[in-house]
Structures are given as structure tokens and as C-alpha cells.
Amino acid sequence: MLARVAHLLPLELKTLLERLPEPMQEQLEEIRIREGRPLEIGFRGQSRFMMNDGSLRQAADGAYKPSADTCRKLLERITNYSLYAMEEELKRGFITVSGGHRIGLAGRTILDGGSVRGIRDIGAFNIRVAREVIGASAHLMPKLIDRTRKTLHSTLILAPPQQGKTTLVRDIARSVSYGLWPTIEASGWQGRKVGIVDERSEIAACVRGIPTFDVGPRTDVMDACPKAEGMMMLVRSMSPEVLIIDEIGRPEDGEAIREASHAGISVVATAHAYDLRDARGRPVLLKLLEEGAFTYVVELKRTEQGVMHRVVPAEAISDSPASRETSAAPRSLPSAVHAWMGRRRADDP
Amino acid sequence: MIKLIGAALILFAGTIIGFQQAARFADRPRQLRQLAHALQRLETEIGYGHTPLPEALERTASATPEPLAAIFRRAAAGVWETESFSFRDSWEQAIKQQWDMTAMKKNEQSVLIRLGSTLGISDKEDQLKHIHLALLQLKSEEDAAREDQGRYEKMWKSLGLLIAVLVVILMV
């Protein structure tokens, strides 16, 4: 995976990281670069500091510290020497580069009338390597199939960051679009028209409007578009049958999802939340769940062995008297919840 | 006979040297003007087009006459060709390599190099301010260059011939 982001790195960083053993390079997930502070890398959900000789330690002393010059070169390379052309990205705090890799930035912000206008004096970078895992949704898809409408049920996928939500929805989009339904009963079904609203350019990783990841032949992508507006635009213009959205959470997102599901479109959305209980603490998600906008809720957890998922029918949540109490754990409703565990090795190709 | 040919050669050479010197004085304000136009073009690309810097430089190069165009072209190419370069390094190297081909002097070189250390690494407003500053500095250099042109261009044109005549007289 290092090879995919190597072109972004200044020479000195690249040479250092290339000293990592081959399998480690393959599993690289994050590179955290902080000016004058130890270089940290993340792989398989763990993180280590990197020493000058390329070895990895848990303790930070003696680690390689990127200089101001290195950080400047890195910033130039990730912005294509044009920070001025990245105002929107700086406002959001990250840059998506070709290949779908997302680079988070931190530094001193510039305020304009109380709201953030950008970041200057950028001192920390977090390069997240995007990975396309074909078949990531194979275990999950059979659970989400709507047999009467021959499509997917509306689904909300919950997980904390770094658990593979985006990888999963990308693979769902691809499978639905190609018509690769992973069960025998669905084998004759056609592919569905898929619309993706890709606000962070992470799902499809579009470069000039053309997806660089394989998201299927019947997929339309609204790139770098605010989710709520993008959903409505796609519904009006491209008549999707399945809508895919990443990281919902604002009130207007909820509004748009409601509209789309009234139009008979299956919505597959992800949200940042540790689990269902956590999600119900967020008003927008709680409201959508209570209204029955989603048929299923999926929780993702990544463990040492792989990605586990747990599918919960959403009616079980909204029908229960405990649903209005955000403190009630969904696990307290064992009769209504039918859980299913799937397993996939994290380092599957 | 040979003396005559030699004298003619000296006269010819002296005239050419004089004209060349005069041409340098005439070229400098012209090139400064072209440079200012090029920077204005770059300003537009950055301010309105939000064009990425390497592409903006390429476009500027294509609208600028040689030898100035080569500076912009090389600065854009340098960052891709040499991996260890930051933009500042690439820009500085392009200017230094190409400078002898131009009629411009140290002052404007340092203005350009200073501009290069800010290009691409700040927001739009900041970029435009830096380009504006460079343009102002170039303008004052251009005025000085015009004054020099008026003063020395004609002088050199005749001076070359006159020195050659003097050498011939001394030799005879």
C-alpha cells in the first residue's frame, strides 16, 4: 500500500518508509507526520513510532522527526504546489488526492466572522491509504437483500472511524451495480442503477469527475457535493435505485434521506458511531431510525482476526418502548434483535 | 593591403561590440515588461482560474516570448523531474540556469527568487499580494532600466565604433 502513496512523499520520507519490510508496507493504513515530532505509522489497527533506521517501536524516544523543510515539501506535493486552489478542502480540514487517499491536516486556523476559513501553518498530516477490497461486502450482502423488490434494503452502517465503512459501501455499490448478488436465489437479478454522493471523494475517488475505483457500470457519482443537495440532485437527474452516502449526520442529510426513501429508493448510508446505542444519542440518526427510514442497521467492528459485522433489523429498535431512551442498550432486547456475525480477514486481497 | 583589411576588421568588430552592448540596454526594459505581463498572467491563473501551479506556469510560458518562457517551463518541470526538490528549489534553479540568456540584472533576479519562496504555499489572497509586490518592484526596475536605456544605448552604439577608430589610429 506504500507504493500507492509513495509519489506524495518527499524523498527523505519515502526512503525511510521503504525500509519497512514488504508485508508491513502492504498493510500500511496511516502515516502520521507531525513537524518536529516523532513519525508514526498505523497498520492493522495498531500504531508504532518509526526510528531513524527504519525499525518500529512503541516508545517515541529516538524516533525520526520530520523537519520543517520535509513538511513543506509534503504540503507542496499533496496540494500539487497549489495551496491556493484548495480553499474548500482546507475549510474541511482534509485533502483527497487521486487514488482516494485522504490526508487530514491540522494547524492554526484562520477565522472569518467566527467560522473557519482555512488552515495556515499546517503542522500535522495524517495520510490515510485508501484500499479497494473487492468482495468486502460478500458476507453482508445476503442479509440485506430485499426479495420482493429485487434490490437492497435501506441500511445504515455504523462504526467508529478506521473500521472499513467506506471500503464496505464501495464494494456494495460495485456489487449492486454489476448485479453480482452473492446468493443463489438472486443470481438471475439484474444490476441496479446506483447513485453515489461522494462528498469527500473517498468512495469513488473521482479525478475530474471520473471514478478511479471500480464502482460498477451502472453507477453515477456526484463528486465533492454536499450530501443533502447531492442526493436530491441525483434523485431528480439520474433516477437511481440505490443511493450510497458516506458519513451522514447533519439535519439536512436526514431530510434528504427521508425524501429519497419516500421515492422508493434504497438508501445505504454510513455514520460515525461506536454502536447502535451511541448512534441513538445523535438526534438525526435517532429520528431516522424511529421513522423507519432504514430497514437494517449494521454495526462494524474490526478485530485482530478481521472485520465483524452485526445486522439488526431497524423495526426492532423503533417498536421497542425503550427506543426513546437513548441510554437503553440495544443488547437489552435479545428477543427482537437477531444478530449475525460475519468474519473476513482484514488482509484479504 | 593586409593592414587595411586588419583595420577594417577592427572597425567592424568594434561596431558589433558597441551595438551588442546597446542591445542589452534596449532588451532589459523590454524583458522586464514581458516579465511583468507574465506575472500578471500567473496572477490571473491563480486568482480566477485556481489553476494548479505547474499548469499555471506552463500556460504562462506558452504566452510569454523566449528567453523568459524557459524560466517558467523549467520551474514547472523541475518539481517532477527532481524528486528531492521543493518548488522553491526548482524555481531558483530555473532562474539561475536561464538568467544569462536574458538581459536582466541581479535586482530583478532577487525579486523573482523571493517571489518563488512564497508561490504555492499560501491561500489565494496571500499569493496575489506577493505577486503584486513583485510586480511593483519590477515596475521600479523597469523605470530605472528605461532611464539607463536612454542614457547609454546611443552612447554604446557610437562608442564601439569610436574605440575601434582609436585602436586603428594607434596601430597605424
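What share of the contacts in chain A with a separation of 6 or more comes from residues 24 or more positions apart? I found 64%, a contact being heavy atoms within 4.5 Å.

I note that this is a predicted model, in which local features need pLDDT of at least 70 and side-chain atom pairs count only at pLDDT 80 or more, while totals for chains, interfaces and linings use all residues. Residues are numbered from 1 along each chain as its sequence is written, chains are lettered from A in the order in which they are written, and side-chain values use heavy atoms, without hydrogens and water.

**Chain A.** I counted 12 helices and 19 strands, taken as DSSP runs (H or I, at least four residues; E, at least two). Of its 349 residues, 55% are buried, that is, under 20% relative accessible area with a 1.4 Å probe.

**Interface.** I then turned to the contact between the chains, which takes 23 residues from chain B and 16 residues from chain A. Together they bury about 1,900 Å², the accessible area (1.4 Å probe) lost by both parts on being put together; 49% of it lies on carbon and sulfur atoms.

I looked up the salt bridges (Lys or Arg side-chain nitrogen within 4 Å of an Asp or Glu carboxyl oxygen), and the rule gives two across this interface. In one of them, R88(B) pairs with D69(A), with the closest N and O atoms 4.0 Å apart. On the side of chain B that touches chain A, α2 (53-62), α3 (68-81), α4 (87-98) and α6 (124-171) each supply at least two residues.

Conventions. Buried area = accessible area lost by both parts, 1.4 Å probe. Buried < 20%, exposed > 50% of the residue type's maximum accessible area, 1.4 Å probe, protein only.
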